[in-house]
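Here are some questions on sheets, strand pairs and a domain interface. Please look at the model first.

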Amino acid sequence: MGQMNPEEWTQQALIDSADAVWGCDTIEKANSFIASLPTPMCLPNYVAGKLGLPVLDATATFIDSYEPKTGKLLYRLPRAQEKDVEDAIRHARAAFQTWSKTTRSERSVYLRRISELLQENRELFAVWESIDQGKTLERARIEVDRAISNFSYFSTYIIHEQTAARMVDGVALTYEHRSPAGVFALISPWNMPLYLLTWKIAPCIAFGCTAVAKPSEITSMSAYLLGILFQKAKLPAGVVNIVLGDGPTTGAALVASPLVDGVSFTGGTQTGIAIRRATAHQIRKHLSLELGGKNPTLVFADSMTPATRERTIRIAATAAFENQGEICLCGSRIYVERAAYEEFLALFTEYVTKKYVLRETMGAVASAQHYSKIRGYLQLAADEKATFSLGSFPPSVEEGGTQGYWVSPTILTDVAPDSVLLKDEIFGPVVTVCPFDDEADAIRLANDSEYGLAAVLLTTDGARMRRVGEQIEAGLVWVNCWLVRDLGTPFGGMKNSGTGREGGEYSREVFTVARTLHLPAY
Ligand code: NDP
């Protein structure tokens with residue numbers, strides 16, 4: 001972290017930088033652009049339709065962001081202070097006056113245009129997301145496609161949405177009328193930066209609200225690109241504003257502001273608790289909290305027949321290691337029916353070894369801090385004498401070093417039943433594999449967690465799919481599949497994995513307020 005140098009921050013420099021970044025739609029072009037810079041680029045905020053500077057005074061500081069695959073300094077971003085956040089909120093409030101009164105079909109056109117522009121620039125977004133977050137380019141493309149779907153889905157949802165009407169016989173007709181709920185703070189984490197931010201922005205503006213969004217300080221690049229894209233889409237000024245900065249300064253100022261009507265947050269459970277605390281006295285504020293998970297994958301012996309075991313292994317491995325295990329929905333606790341345990345472990349280890357090759361099909365983890373956290377858990381595994389069936393204890397790395405943050409896929413077995421390795425969310429390419437005795441034991445183990453976000457159930461027994469599936473304490477249960485999503489289904493977690501659901505009509509609950517009108521029958 002250093003003091004700002006206003007010379008580096010002229011408007012022209014910001015425009016030139018935006019043009020140059022927008023031209024980099026291959027990894028080679030992006031790397032040669034980065035290498036050509038005399039000093040790392042600075043990402044601006046996007047407020048009132050403009051890429052702009054925060055207030056530059058003695059309190060202004062900026063944050064360094066490093067490239068996970070190399071460990072090198074990639075860019076700087078301003079740490080937006082309370083006054084910068086207030087300025088963005090004021091613009092969002094002003095825009096709300098007109099945006100909330102636009103028709104759904106007008107808003108639909110903007111969302112469609114944004115989704116088309118994202119589609120046209122799919123490779124550009126994928127390239128920068130891969131560089132910024134550490135994920136593979138292939139994985140980044142999948143997430144850009146999902147971001148495109150976020151806008152296209154809500155662009156059509158709002159023009160087809162229905163509302164409930166009821167008759168009170170001979171007395172009255174009642175119907176639900178919904179209004180946009182106001183200005184929202186949209187806060188997203190670093191694991192799927194573009195996808196998760198657009199999962200909030202798209203419904204927010206579709207339902208007539210306006211936003212101040214804050215990405216994670218670790219991965220702000222795609223939010224910056226999104227600001228440029230909103231300019232190109234001619235989205236009216238102030239409808240979406242993006243402030244950059246860290247959680248304790250920028251995020252905290254944003255959620256606590258009395259001028260913000262709602263918060264849609266995705267991130268860790270502890271941060272969710274802090275947000276609930278900070279807003280406890282603002283009872284009217286809408287809160288949607290999508291939090292952490294420690295998700296079980298249950299492998300029943302019936303899914304390990306010669307006809308099905310390839311699928312079982314593939315799904316369990318994908319759920320564990322996709323995006324380096326940095327997906328809140330990853331199945332990081334695998335429980336296998338004892339009769340199939342040894343066979344599963346052997347085939348699973350063989351499959352993961354071939355499929356997840358570091359630097360090829362598996363990326364780097366997002367930051368030095370996160371790398372150290374994962375390393376700490378692997379140290380604990382070694383101390384507790386767990387078996388590393390795959391992977392080993394990684395070396396220490398530093399921010400600004402040259403190695404990057406690479407953690408090999410790791411499979412831990414012989415883990416003590418009370419170990420924190422089975423309780424804490426490690427959020428990396430680390431999975432535990434443990435046996436279970438019978439169905440009741442499997443359900444008990446799956447539910448033995450403070451979290452309840454997702455679960456994977458691998459079985460060919462149709463009755464068991466429902467019997468077990470309906471007892472698992474998780475907001476999302478996937479049977480013989482993983483990460484399948486229909487954007488209309490409720491997304492969210494039970495227990496400490498969150499409050500509220502988003503998706504289709506569930507997002508409408510978050511971003512609108514309902515009033516019931518009663519019209520008399522006379
Ligand atoms: P954090 O909770 O640390 O951060 C999430 C976001 O909140 C970041 O933008 C962060 O800013 C910001 N933030 C931090 N403190 C505050 C605060 N006091 N007030 C307001 N905003 C704040 O999570 P991570 O970024 O580490 O993400 C990983 C977590 O996200 C995991 O627990 C994972 O399970 C969860 N997650 C949940 C998902 C779900 O749908 N349930 C999906 C994806 C991830 P900054 O980073 O700049 O400090």
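Q: Which residue's side chain meets that of Arg139 in a salt bridge?
A: The model is predicted: local features need pLDDT of at least 70, side-chain atom pairs count only at pLDDT 80 or more, and totals for chains, interfaces and linings use all residues. Residues are numbered from 1 along each chain as its sequence is written, and side-chain values use heavy atoms, with hydrogens and water left out. A salt bridge here is a side-chain nitrogen of Lys or Arg within 4 Å of a carboxyl oxygen of Asp or Glu. At 3.3 Å, N to O, the partner of Arg139 is Glu322.

Q: How many salt bridges does the rule find across the interface of domain 1 and domain 2?
A: An automatic or database assignment sets the bounds: domain 1 is 83-290 and domain 2 is 296-479. Their C-alpha centres lie 31 Å apart. Across the interface, the count of salt bridges is one.

Q: What is the area buried between domain 1 and domain 2?
A: Interface size is often given as the accessible area lost when the parts come together. Here a 1.4 Å probe is used, and the loss is summed over both parts. Carbon and sulfur atoms give 59% of the buried area, which is about 1100 Å².

Q: Which residue of β18 is the bridge partner of Glu337?
A: Strands β15 (residues 331-337) and β18 (residues 430-436) run parallel, joined by five bridges. In β18, the partner of Glu337 is Phe436.

Q: Which residue takes a positive phi in the hairpin of β7 and β8?
A: β7 (residues 165-168) and β8 (residues 172-180) run antiparallel, with four bridges between them. Met167 stands opposite Leu173 in β8. The hairpin has three residues between the strands, and the one with a positive phi near 70° is Gly170.

Q: Which residue of β24 is the bridge partner of Ala172?
A: β8 also pairs with β24 (residues 512-520). The sense is antiparallel, over nine bridges. In β24, the partner of Ala172 is Pro520.

Notes:
Two strands pair if DSSP finds at least two bridges between them. Helices (H or I, at least four residues) and strands (E, at least two) are DSSP runs, numbered from the N terminus. Buried area is the accessible area (1.4 Å probe) that two parts lose on being put together, summed over both.
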